[in-house]
Amino acid sequence: MTMRHLGLSIYPDHSKFEDNAHYLDLGHKYGFKRIFMSMLEVQGTVEQTKENYKKIISYGNKLGYQTFLDVSPRILNKLGVDYHDLSFFHDIGATGLRLDQAFDGATEALMSYNPYGLIIELNMSNNVDYLNNVISYQANTPFIYGCHNFYPQKGTALPYDFFMECSKRFRKFNIHSATFVSSSVGKMGPWNVTDGLPTLEEDRYLPIQVQAKQLWATNMIDDVIIGNAYASEDELRALSLVNPYQLVLHVDYVKDVNDIEKTIVEKPQHFRRGDMNSIVIRSTMPRVTYKDIPNTPHDNEQEFKRGDVLTGNDGFGIYKNELQIVLKPHTESRKNKVGSIAKDELFLLDFIKPWTKFKLTSE
């Protein structure tokens with residue numbers, strides 16, 4: 001199984017070593033494993049660039065990070081680097097190169113056999129047959145990764161459907177993939193426009209942990225990287241608590257929720273019944289596990305709304321203690337409303353398909 005990781009972004013040409021080192025220390029505290037480092041705006045001499053980047057990459061390496069450098073043909077020319085000889089990047093301690101612009105397929109394939117084991121990361125944000133072209137030149141596929149773009153300008157990031165089409169091309173070949181989420185407080189990116197740095201436009205102003213939940217729920221992405229610097233410690237902590245391997249939704253409880261209802265919400269491994277319906281998501285095993293435990297009806301009668309979390313009460317016979325999440329409004333006195341999915345996460349209900357495994361939490 002491909003492991004999924006969190007990453008940070010650093011911009012050495014716009015920042016101080018001490019600030020970046022502190023940021024990497026924080027990321028390490030919360031289990032971050034990747035560094036995205038842009039070289040597209042390099043201004044200094046080759047030696048200055050080498051010294052500057054090597055210092056911060058070495059610091060990250062000691063903390064267990066892997067660093068991927070964003071490069072283009074223009075930057076390679078500026079640094080005097082030929083794609084036949086990638087020793088420059090090996091010497092500064094990089095794990096891999098992200099090619100912001102494409103070559104011709106044959107070149108990328110040849111680069112994947114570099115003697116240093118540097119990973120060659122391809123731009124995923126174009127819905128063209130680029131990856132298939134690279135692979136057709138007999139690329140060293142374990143050393144080929146993919147990474148989407150980020151978009152500093154409001155309104156210019158990818159729409160969801162296009163993102164999925166691009167990503168499917170890489171998932172088809174089981175290529176390790178990455179994409180970007182945006183910090184709500186980070187002001188630093190590669191350019192002088194910083195409206196956030198997400199891959200998906202719809203993610204631009206969402207809480208950072210919700211962005212990550214969505215991206216991992218697509219099952220198209222392995223690594224999630226914060227595009228802008230510096231994210232807050234609260235954001236790093238929130239991301240570190242996201243489960244990369246199954247969707248975990250936040251529930252806000254009603255005041256009169258009882259102990260068995262809290263247990264039904266938070267303890268089981270939920271999965272949606274395979275014979276789905278359009279009204280509710282049904283998790284039926286709790287009614288078996290807790291069939292002998294009473295669940296008194298709540299006093300209030302109401303119309304249940306999308307995202308409401310329900311349990312069958314004592315009046316519901318065999319369906320007592322079944323958990324349901326509302327998709328379409330309805331009323332039913334034999335069900336208790338125990339809480340609601342957090343407002344920012346309501347759209348994530350669309351990712352719960354027949355047999356999808358999911359968890360619920362109030363934390």
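**Strand pairing and helix packing in the predicted chain**

Strand S4 and strand S5 (residues 119–123) run parallel and are joined by four bridges, where strands are DSSP runs of E with at least two residues and helices are runs of H or I with at least four, both numbered from the N terminus. Two strands are taken to pair if DSSP finds at least two bridges between them. The model is predicted, so that local features need pLDDT of at least 70 and side-chain atom pairs count only at pLDDT 80 or more, whereas totals for chains, interfaces and linings use all residues. Residues are numbered from 1 along each chain as its sequence is written, and side-chain values use heavy atoms, with hydrogens and water left out.

The bridge partner of Leu-97 in S5 is Ile-120. Strand S3 (residues 66–71) also runs parallel to S4, again over four bridges, and Leu-69 stands opposite Leu-97 in S4. Within S4 (residues 96–99), Gly-96 and Arg-98 point one way, while Leu-97 and Leu-99 point the other way. All of these S4 residues are buried (under 20% relative accessible area, with exposed meaning over 50% and partly exposed in between, for a 1.4 Å probe and protein chains only).

Helix H8 (residues 208–217) packs against helix H9 (residues 233–240) at an angle of about 30 degrees, with the axes 8 Å apart. Axes are lines fitted to C-alpha atoms, for helices over the stretch in contact, and angles run from 0 to 180 degrees between N-to-C directions. H8 is therefore roughly parallel to H9 (angles under 35 degrees). The contact (heavy atoms within 4.5 Å) involves Ile-208, Gln-209 and Ala-212 of H8 together with Glu-235, Ala-238 and Leu-239 of H9.

Overall, the chain contains 11 helices and 15 strands, and its C-alpha atoms fill a box of roughly 75 × 45 × 35 Å along the principal axes. Of its 363 residues, 54% count as buried. Among contacts between residues at least 6 apart in sequence, 78% join residues at least 24 apart.

Definitions and conventions
Parallel < 35°, antiparallel > 145°, perpendicular 65-115°, else oblique.
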